[in-house]
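Hi,

Here is the structure I promised to pass on. Have a look at it first, and then read on for what turned up.

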Amino acid sequence: MNLPRLIIADEIGEKSVPASLLLIQALRSRGARVNVFMSGRREEYLRLMELLSGAPVCCIDTYSAGSGRNLKTLFQRRAAPDAINVVSVPLGKAVDERTFQTYPEPQELAKVLDCGILPILNASTSAVATTNRTLSVFASLNEAVRDRVQGLLLASVKNPRDFQLLEQEHNRRSPVLSLGYIPKNVERAMPALIELAPHGASMKLLQLKSASLQLGSAVRQVEWSVIEALARLNEPWTPPELLRYPSCHLNVAVIGQDISLEGEGNIEALRAMGCTPHPCDPTRDPFPMAADMLYFPHALADTTAERILTNAGFREGILKSVQNNKLILATGASAVLFGQQYRTTAQNVLEGLGVFPFHAYSIPRDEEHGARKIEIRGTRDTYFTRTDERLRGYEIKGVAIANPGNLGQPCLSYRNMNGDAETGVSGWNSSYCFVTGLRLDLWSSLDVLHRWLSLRKRK
C-alpha cells in the first residue's frame, strides 16, 4: 500500500497568508488532486483553506491524537492513494537575521508518517545570509531523523534576478534540491476570522484565489512536477494496527459543520466507531429529530449562536433532545449555546438554551501561534467521562465562559501540555448531554467515546 505524502513546512510570516496554503491552492488550480491536513495551525488558517478549496481539511497532531497509532489511523482514513496528501505545518520563525527557531511539529510528523519535509523559507536581501539560515534549518530538521528534507522553496522573492543569486549560493553550499520560489507579489494579508464568516468572505477569497492562480500559471517559478514526485517517492505505507471497536451504528447530526473550526478529525473518529455523520445547517435544514446523536463541533461562535439561538425550531428540538436523554456533545465555542446567555462580539446579548447555569461572552482573540495543547482530566463521574480519565485537546480563543461556581460544578480540569499545575476547569453534564468549552480531540480518548456511544448503540 502506498499513500503519496509530503509535509510542507513554512516560515511563520507577519500577518500574511502562509505560503503553504497558496502553494496547495496553486497545485489544485493546476488540476492536481490534493488532500490537505494541518498541524499546529491557527483556526483562521484552517477556515481559510477550507473556503479556498471547497473541501474539508483534517487536523492531525502527534500529542493530541494520544498515540502514533491513532494519528496514523486517522491519516490513513483521510488520505487517498490517487491523491497528493500534504500536511501544512509551521516550520518556525526567524528570531533575527542569523537565528531561526524551528518548531518540533515537522520532525514529529515526519517520524510517525515516515515521509519527507519540504521547507519554505523567506528570502532576505543577502544570498549568503539566506543560505546560512537554510543550512541551519536543514541541520535542525535532520537532527532527529536524517534525510527528511527533500527540497527547498524560497518565499518573498522580489524578482527572478534575486532568485538566481539565491539559487547559485544555495547550490554551491547545499545538496538539497532548489524547487523554485514564491514571488513576493503573490503574498496577501491574512484575513481576520470575522472576515471568513459566511457573510463576509467573498472579496478576500477572490483576491487569494487570484493570487494562487497567478502562482500556479507562472512559468519556471516552482517545480510542480518535482513536488508531486517527492510525495510519491516515500517508503510504502505501513498500515497501523486495527482499532477493533464494535460498530455502534448510530446516525449523527453534525450541526454547524459548514462553520466548523476544528476540521474533520472528530467526525472521522465517529465514523471509526461505526457511526454515520450527516451535516445539518440550521439556516436550511429542519431539526434532525430522527438522529441518534447531536454533535456540535467547535465553530464560529457568533455565527452558530445567531443561527441556533434565534431559531425557534432548533431551540425546541435541542431542549426536547436533552429531556429525552439523546446523546449530545458540544465542544469549544458551541458550548455557548447551552448556557444562560451569550454576548456577541457586537455586544448583542442572545438568550441561551439555559441547560447549564454559565454565561458566555466574546473576548478579543490573541495572535499566538497555533492552538494551546492541553491535557484534560475528569474530576467526577459522568456518562461521558469518569474520574481521573485523561483526554487531550486544545484551549479555544475568542470566547470565555463565566464559571457558575457551586450552581454547576465543572467535571473536567486541564493543564498545558508541558505544565504540572491545573490551569482551568470546564465541562458540564446533564444525563447524556455533555458540553465543554474546550476543543476535544476524540482520537485521544476512543475508549471514552465508544463507551459513551454504546449507551445508544444499535445492533
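How do the residues of the lining of the second largest cavity divide into nonpolar, polar and charged? Five are nonpolar, two polar and three charged; here Ala, Val, Leu, Ile, Met, Phe, Trp, Tyr, Cys and Pro count as nonpolar, Asp, Glu, Lys and Arg as charged, and the others, Gly among them, as polar.

Before going further, a word on what you are looking at. This is a predicted model, in which local features need pLDDT of at least 70 and side-chain atom pairs count only at pLDDT 80 or more, while totals for chains, interfaces and linings use all residues. Residues are numbered from 1 along each chain as its sequence is written, and side-chain values use heavy atoms, with hydrogens and water left out.

**Cavities**

The structure holds four cavities of 30 Å³ or more. On a 1 Å grid over the protein atoms alone, a cavity is a set of points where a 1.4 Å probe fits but cannot get out, and a pocket is an open set with protein on both sides within 12 Å along at least five of seven lines; lining residues have an atom within 4 Å of a point. Grid points are joined across faces, edges and corners, and a volume is the space filled by probe spheres set on the points.

The second largest cavity has about 90 Å³ of space. Its lining is made up of Cys59, Leu74, Glu262, Gly265, Asn266, Tyr394, Arg439, Leu440, Asp441 and Trp443. At least two of the lining residues come from each of α9 (265-272) and β23 (439-440). (Helices, H or I of at least four residues, and strands, E of at least two, are DSSP runs numbered from the N terminus.)

The largest cavity comes to about 140 Å³. It has 15 lining residues, and Gly40, Arg41, Cys59, Tyr394 and Arg439 lie nearest its centre. Seven of the lining residues are nonpolar, two polar and six charged.

The largest pocket holds about 670 Å³. Of its 32 lining residues, Leu193, Ile194, Asp302, Thr345 and Arg365 are the closest to the centre. The lining has 16 nonpolar, seven polar and nine charged residues.

Helix α10 (residues 301-309) gives the most to that lining, with four residues. Eight of the nine residues of α10 are buried, where buried means under 20% relative accessible area, exposed over 50%, and partly exposed in between (1.4 Å probe, protein chains only). Asp302, Thr303 and Arg307 are among the buried ones. The cover over them includes β9 (251-255), β11 (293-296) and α11 (312-323).

**Cores**

The largest nonpolar core has 67 residues, and Ile60, Phe75, Met293, Phe384 and Leu453 have the most contacts inside it. Such a core is a set of buried Ala, Val, Leu, Ile, Met, Phe, Trp, Tyr and Cys residues joined through side-chain atoms within 4.5 Å. Helix α12 (residues 446-453) gives the most to this core, with five residues. A second, separate core has 41 residues, including Val36, Leu52, Cys59 and Ile84.

Leaving aside neighbours within four places in sequence, Leu453 is in contact (heavy atoms within 4.5 Å) with residues including Cys248, Met273 and Met293. His450 also lies in α12 and counts as buried, at 12% relative accessibility. Not counting residues up to four places away, His450 touches Tyr245, Pro246, Cys248 and Met273.

**A few single residues**

- Asn142 is in helix α5 (residues 127-144) and is buried, at 19% relative accessibility. Its side chain reaches the backbone nitrogen of Asp147 at 3.2 Å.
- Ser67 sits in the loop between β3 (58-59) and α3 (68-78) and is partly exposed, at 26%. A polar atom of its side chain lies 3.1 Å from the backbone nitrogen of Asn70.
- Arg244 is not a glycine, yet has a positive phi of about 65°. Its place is the loop between α8 (224-232) and β9, and it is exposed, with a relative accessible area of 67%.
- Asp388 has a positive phi too, near 70°. It is in the loop between β16 (373-378) and β17 (390-394) and is partly exposed, at 45%.

Cheers

Technical notes:
A polar contact is a pair of N or O atoms within 3.5 Å; within protein, one must be able to donate a hydrogen and the other to accept it, and residues adjacent in sequence count only if both atoms are side-chain atoms.
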